[in-house]
Amino acid sequence: MQEHQEKIAVIGAGSWGTALSLVLADNNHEVRLWGHNREQIDELNTHHTNNKYLTNVLLPTSIVGYHSLEEALNGVEAVILAVPTKAIREVLKEMLPSITDPITVVHVSKGIEPDTLLRISEMIEEEMPKEKLSDVVVLSGPSHAEEVSLRQPTTVTVSSNSMEAAERVQDLFINQNFRVYTNPDIIGVEVGGALKNIIALAAGITDGLGYGDNAKAALITRGLAEIARLGTKMGASPLTFSGLTGIGDLIVTSTSVHSRNWRAGNLLGKGQNLDEVLENMGMVVEGVRTTKAAYQLAEKYGVKMPITTALYNVLFNHAKPKDEVDLLMTRVKTHEMEDLANVLVEKELQ
């Protein structure tokens, strides 16, 4: 645990932002948790709970809720950005007037912006002038907020174009319950974290259809190959996808009832349409927007992504989930190791 206490603003009082605030508070940092809902912030400051997102979790009294961005950002040394991908640009624009000195931005969301096809770190760099941005760091990995808030053992990865910045953020978060590794491959970490939500949606669909563990295991395995194919084309290291932000995050998100992407897919498999699912969820399902972005990226890079294409058809072309799953099972036969071999060969040629 660090001896030096830092002032840290956590922007976004959802389940993940709140759970990470708890980790930082356990490490004796001064934590300012900002949210746009005044009632939620009042609850946090009065009762030290955030029951909409983390039921029956008592938060440390050292976490102070803020409704004013200006007050939350005053004098902070780092900002944890924990808002949905679609809200990142808007929130950054609102933050800028309150930032006087360069800060480190740690983003903990998992997505890719449709149409621009930018990763979140690229969005941040595009929105923030250099004189206000010190470094961008991504924190990702297999981590349910519900378990982190109960201080159950969790392991994540931080990555940045600056390893010094990544190691500093590692020091901010690491403790006996929250293990943090560093990885220099920021592209792979962001791509793995974003695209696993697509596979989790698809895994939820197979469960909703009543298919068994065999089908889900196959989907996860082939999904990992799909993620690695695209990620490597985008400049990532293939090895990253065998780590925490690849197979680790993929497993936890595709198999757990805590996963909102799995739950959304499960409802789709049971016959609900997308609008009904999103209304019933009541929370952002990042995999929906990411499916559109990944579909566009596959076209851009000429990468075959059959699971992504099938899910895209379900979400945006009103295809029936069972029809798309059946099409996946009847694809042209191929050698299992062919995809991996192609990825490795292409990486060597780059």
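The largest cavity has a volume of about 100 Å³. A cavity is here a set of points, on a 1 Å grid over the protein atoms alone, where a 1.4 Å probe fits but cannot get out, and its volume is the space filled by probe spheres set on the points, which are joined across faces, edges and corners. The structure is a predicted model, in which local features need pLDDT of at least 70 and side-chain atom pairs count only at pLDDT 80 or more, whereas totals for chains, interfaces and linings use all residues. Residues are numbered from 1 along each chain as its sequence is written, and side-chain values use heavy atoms, without hydrogens and water.

Three cavities of 30 Å³ or more were found in a search of the whole structure. The lining of the largest cavity (residues with an atom within 4 Å of a point) consists of A202, I205, T206, L219, I307, A310, L311, V314, P321, E324, V325 and L328. Two or more of these residues come from each of α8 (186-208), α14 (306-316) and α15 (321-329). Helices are DSSP runs of H or I with at least four residues, and strands are runs of E with at least two, numbered from the N terminus. Ten lining residues of the largest cavity are nonpolar, one is polar and one is charged.

The second largest cavity holds about 50 Å³ of space. H107, S109, K110, G111, I120, V138, S140, V189, E190, G193 and A194 form its lining. At least two of the lining residues are supplied by each of β6 (133-140) and α8, and α8 contributes the most, with four residues. By class, this lining comprises four nonpolar, five polar and two charged residues. Ala, Val, Leu, Ile, Met, Phe, Trp, Tyr, Cys and Pro count as nonpolar, Asp, Glu, Lys and Arg as charged, and the others, including Gly, as polar.

Notes: 1 Å grid on protein atoms, 1.4 Å probe; cavity = no way out; pocket = protein on both sides within 12 Å on 5 of 7 lines; lining within 4 Å.
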